[in-house]
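Let's walk through this structure together, starting with a sheet and then turning to charged side chains. Please keep the viewer open as you read.

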Amino acid sequence: MSEGDGGDGLVPRTLLFDKTRAVPCRLAKCATWDPRLTSLLSNPAVHVREYWTHEYKSTLLSAHVAACGCTPLLRLLPPEGSDGAAFVNEHEQCIQAGKGIAITVSDGQSEELLLIPLYSSHEDGSRSPVFWGYTFPKKLAPEVGRMIELGRLALVFDLDETLLVANSLSTLDSKLAACRSEREAIQVKIAALTSSDADTGRTRDSLRMIDKAYGKEQELLMLDQDLLKQFADHDTVWYGGQKQQPTYERVALENGTSVNRPVVRMQLDGNAVLFTRIEPSKRESSMILRPRPGWEELRAYVAGETEPAGPNGRPKQRFEVYVCTAADRQYALEVWRLLDTSSMLIAPKDRSKRVVSVDTKMYSKSVLETLGITALRGGRSPGIKLRKGAARSAAAAEADVNPDTHPGVMPLALVIDDRVDVWEASSQPHVLQVTPWNYYNDEAQRRAGYATHVAGISEVELRRVRAAAIRLRSEAFQSINVGARGVLEAFQLASSGAPEAQQAAGQLLELLPSVSNVPLLL
């Protein structure tokens, strides 16, 4: 990059838009220079792929937020002498049209260098055109810009043990067998205690409490097993002397066909319980679903149902919802259909692209892939591919990324999951981890009279999620709209601009407003 350096650290380059149009410029590295750009920009001629347009024209704001408040990697300045006219004209067109210049960085065209136009202000009161350069995954900056102007936060949900507990007959059989085995082992230990000393007495009391909890867990599992067998055999459920009749719901499948699924919705001890059959002709695909307490309240808030409707008759949408789960795809789509009771969180037409299933034995979950910003890999299973059978650990991920200080990969995305380690390292800072929803174990301990509050804590987790979503969205958009927008939009005004002295001195960090992105607010 030092070839052709004019002695002032500025390297002559030419932007080639097509065979007939070339724009000379000078390139200056910033302190945050990305070494990957060295080979791309080593040639005197740099090929432009296309313009990046933004309907709201806030290109610099979008890029700054997409970069999580980091400084640009480079600056492009006009050349000296008469060659500067083409640069000035190109800059002016970009400013007026609210667009930037996109240059492909990676061979797969998944990453791009975005050049954003703004003005530099000089101490003598003059202004000069300049472009700031950032690298992003191809769709990231436009998506961030769209979400900024709509005031929305991306909310990604896991399913099993985060929002619900689901079982088939086979999984209930397995859980019941394991519970009985554990209980028998405890009873053997109790029988072996023959001494009457105080320590043995305390041990016996503790084991009896554990035995009692296992007994309660068996009862809960056997109840659900009985109810699910009824549904599997007859499509109906008898409980408390009442017969719960099914509704047969027509469900469109991704292959263009549709099925009629029997569905039973009922209340047990004040909690919602759902029954469905993934493949209507196969008894063994019958499922019992227990949504986590607080889900309906969280769903209604995220859907905007708790607030007055807007001018269009619909509630204001403050979140864009996605699902990323390790569950089977058809199961995941059906479970989400039943959880999203009003279809206000994800429209039916969008479920196929917004509900993503990942084989977490082979892949890690990815925020950018879940949001559709980067391409899905592994068919319908997005994520970073690992060696087959490779062990994955949170500790290994921490070696590369510290979730406490890393800005994440998408500043306006929040993930709700009971596990962090299933996410790729750069996505982990986005995860608000919740206590796993283990209905049978938690409820059994409560019914056995345990002094612990595991069940109570687990049940109120979705209230914590709601409170966190409210706070994070408020703080993120407060910093964007109140703190950053005015400063950055002024940089793109010919009457204002960013001080050139600070830019040239490498003081961009002091010049730019901070942005409270979601990962660093968690």
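## A partly exposed arginine and its partner

This is a predicted model. What does the side chain of Arg-146 meet in a salt bridge? The partner is Glu-320, with 2.7 Å from N to O. This pair connects distant parts of the chain, with Arg-146 in helix H4 (residues 140–150) and Glu-320 in strand E17 (residues 319–325), 174 residues apart. Glu-320 has a relative accessible area of 2%, so Glu-320 counts as buried.

## The five-stranded sheet

Now to the sheet. Five strands form an open sheet with antiparallel pairing, in the order E10-E16-E15-E14-E13. Its edge strands, each pairing on one side only, are strand E10 (164–167) and strand E13 (247–252). From one strand to the next, the twist averages 25°.

If you zoom in on E10, you will find four bridges joining it to strand E16 (residues 286–291), and the two run antiparallel. Among the residues involved, Ala-166 has Leu-289 in E16 as its bridge partner. Helix H5 (residues 169–192) lies across E10 and E16, and runs at about 100° to E10.

How many salt bridges does the structure hold? There are 36 salt bridges in the structure. One of them pairs Asp-350 with Lys-349, where the closest N and O atoms are 3.4 Å apart. Asp-350 is buried because its relative accessibility is 13%, and the cut-off for buried is under 20%. Lys-349 has a relative accessible area of 70%, so Lys-349 is exposed.

Another salt bridge brings together the side chains of Arg-447 and Glu-443, at 2.9 Å from N to O. Why are these two separated by about one helical turn? Arg-447 and Glu-443 are separated in this way because they are four residues apart in helix H12 (residues 439–448). Glu-443 counts as buried, at 13% relative accessibility, while Arg-447 counts as partly exposed, at 37%.

Technical notes: Residues are numbered from 1 along each chain as its sequence is written. This is a predicted model: local features need pLDDT of at least 70, side-chain atom pairs count only at pLDDT 80 or more; totals for chains, interfaces and linings use all residues. Side-chain values use heavy atoms; hydrogens and water are left out. Two strands pair if DSSP finds at least two bridges between them. Axes are lines fitted to C-alpha atoms, for helices over the stretch in contact, and angles run from 0 to 180 degrees between N-to-C directions. Contact means heavy atoms within 4.5 Å. A salt bridge is a side-chain nitrogen of Lys or Arg within 4 Å of a carboxyl oxygen of Asp or Glu. Buried means under 20% relative accessible area, exposed over 50%, partly exposed in between (1.4 Å probe, protein chains only).
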